[in-house]
Amino acid sequence: MSPTAHESYVDVLIIGAGPAGLTSATAFAAVGGINVRIIDQRASKISVGHADGVHARTVEVLQSYGLAERMLREGNQLYMYAFYNPNDAGEIELTGRAPGVIAPTARFPFVVGLHQGAIEAIFLDFMSRHNLIVDRPTRPCAIEISQGQLHSPSSYPVKVTLEHLNAATDAEKTEVVHAKYVIGADGAHSWVRQTLGIDMVGEQTDYIWGVVDIVPDTNFPDIRNKAAIHSANGACLIIPREDDKVRLYVQLSEDVVDPSTRRVDKSQMSPEKLIEVARKSLHPYYLSSSSEIEWWSIYIIGQRVASRYSVEDRVFIVGDACHTHSPKAGQGMNASISDAHNLAWKIVYVLRGWAHPSILQTYETERRNYAQDLIDFDKRYAALFSGKPRTLENEDGITHEEFSKALQIHGGFISGIGVHYYPSAIVNTKHQTPAKNLVIGERMPPQIFIQGADARPVEIQDLLPADARYKILVFLGVLDEFRLVEVNRLANELDEPTSFLKKYSIDGQFSHIFDIISIAQGNKFVFNYLHVPQIFRPHWSGVLLDDTDVTGTQGGGAYERLGINPQEVTFVIVRPDGFVGMIAPSTALEDLDEYFASFLVPRPL
């Protein structure tokens, strides 16, 4: 290191500005007050190709940052999945269609087709509005963790040496960054992972695929639907995209693999050859590209998970740095975004002194379990997709029924809606029955309520922004005179200095860490929101009613749908990432206290 190397100090250093790194940066920018730096060795963001499918849960995550509207406007929405298989004449024919998202509670029941560069631009523009830009082209060249500083919350135990690739002088070329936390979001060939000696556990398959983005000229009737094609010539997947584009995934032979390295040799393939393979798979339909080919690639499917996701709970890896799998189910970018969404709020809590550092361990337990489930699913799905179809000559081949059944079974997983986190300090399953249809450890589902003050319909998910606050949903039930006595008594209990609301208040205000939303059941024409005790209505807009809107077309039925008894008070604790952390009846306030005490740091009374 040069003796004149510039030194700087940050709360968080993010290495890599792909979807995982940009989501991390966006999460920190959204909450404010975090000194964050993000670097990338590429001179500019990607502009074409790469990942292109945003699933239903990921749209919800982006919505929690206020970013979904632009993506929905710019992207293509895929509602239908079409399936084609060979007939006795060897030509493909339609064997069925199904919804593109098989998840009953999906708020956005479609996949958004939009190239990764456009999605990254949405994050980058948000970051720019918060004065956070990517430092590029810059790469890390050394990392050290000081063991003696690990347990001091004010220390900067991670030292990363950076190289600025466009530096005008040698003196400006090297920089040393001292960080409290480092997030390695630097992709499948992660420098962070390799430098810290974290292994990738898994295997490389024999499945070889090519991908090409084109504006098609074709008479294939499902070119604007997601289409899975099993033909005598191999498998093909069609993903409709923005601006009339489509992405073609085509199955390839061993001819493109270098036998000495077992790596794909791109010189043995071309986009024209990929289109020709797709053309044969689509017979008897014709296909050609009506414009210049925008992007293409080839790859071998690898299915691996990192052996660990963190080192000393100070350096973390996210996204492709910790899991790789086939792109057929479109999980790569979606999993990366959810990794970062899961981790960022936990780092914020520790940096602010709100939570014990042990909360950071839940990142690995939650997301590595998910990644392992993803790899297990991907093995089955990739085998189904890459397997030969059943024909007269191949009676042991894959049938349409097998493929369709797999999508039905795993629809919640593919969409991200069914992601489930197991019991931990931040997932407490002691009381599931008070809201029997609301699964602890899964994301809070969408539901329309109306505001008690003005009958305006609101979506509950829009009241759960990624602002680093726990959302305390208090289902008050029916507020008749008898039950109001009970509710007022409960309000008085929560107003005591020993209640969890007051115990973890920041600067005397529990609203910094807790956002209370009250939900009553009643008739909008007679309901008086002022009857709700003050502690349950910090703001008038936070008192909701389970009733239809004035048109009778939206809202209503939430208590029944969620399995909540309107004659009791039920607490639903929603984590800052939108997942249900705990459910409890009002008679179990001590259990709520224990839940928060397991990871939050109490404030001086």
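Q: Why is Y84 called buried?
A: In this predicted model, Y84 has a relative accessible area of 1%, and because buried means under 20%, Y84 counts as buried.

Q: What makes Y285 partly exposed?
A: The relative accessible area of Y285 is 22%; the term partly exposed covers what lies between the buried limit of under 20% and the exposed limit of over 50%, and therefore Y285 is classed as partly exposed.

Q: Why is the aromatic pair of Y84 and Y285 called edge-to-face?
A: The ring centres of Y84 and Y285 are 6.4 Å apart, with 90° between the planes. Rings pair if their centres lie within 6.5 Å, and planes over 60 degrees apart count as edge-to-face, so Y84 and Y285 form an edge-to-face pair.

Q: What parts of the chain does the pair of Y84 and Y285 link?
A: Y84 belongs to strand β5 (residues 80-86), whereas Y285 lies in the loop between α7 (271-281) and β19 (287-289), and the two are 201 residues apart.

Q: Why is the pair of Y370 and F413 called stacked?
A: For Y370 and F413 the centre to centre value is 5.5 Å, with 25° between the planes. Because the limit for pairing is within 6.5 Å and planes under 30 degrees apart count as stacked, this pair is stacked. The pair joins helix α9 (residues 361-386), which holds Y370, to helix α10 (residues 400-415), which holds F413.

Q: How do you know whether Y370 and F413 are buried or exposed?
A: Y370 has a relative accessibility of 7% and F413 one of 16%; since the limit for buried is under 20%, Y370 counts as buried, and F413 counts as buried too.

Q: What makes up the contact of α1 with α8, by class?
A: Helix α1 (residues 19-31) and helix α8 (residues 332-351) pack at an angle of about 35°, with their axes 8 Å apart, and their crossing is right-handed. Residues including A20, F28 and V31 in α1 meet residues of α8, among them I337, A344 and V348. By class, this contact of α1 with α8 has 11 nonpolar, 4 polar and no charged residues.

Q: Which residues does F514 touch, not counting those up to four places away in sequence?
A: F514 touches R469, Y470, I472, F500, L501, Y504, F596 and L600. Ring pairs also link F514 into a cluster whose members include Y470, F500 and F596.

Conventions: Residues numbered from 1 in each chain as written. Predicted model: local features only at pLDDT ≥ 70, side-chain atom pairs only at ≥ 80, totals over all residues. Heavy atoms only, no water. Contact = heavy atoms within 4.5 Å. Axes fitted to C-alpha atoms, helices over the stretch in contact; angles between N-to-C directions. Helix = DSSP H or I, 4+ residues; strand = E, 2+ residues; numbered from the N terminus. Left-handed = near helix turned anticlockwise from the far one by under 90°. Nonpolar A, V, L, I, M, F, W, Y, C, P; charged D, E, K, R; others polar. Phe/Tyr/Trp six-rings, centres within 6.5 Å; stacked < 30°, edge-to-face > 60°. Buried < 20%, exposed > 50% of the residue type's maximum accessible area, 1.4 Å probe, protein only.
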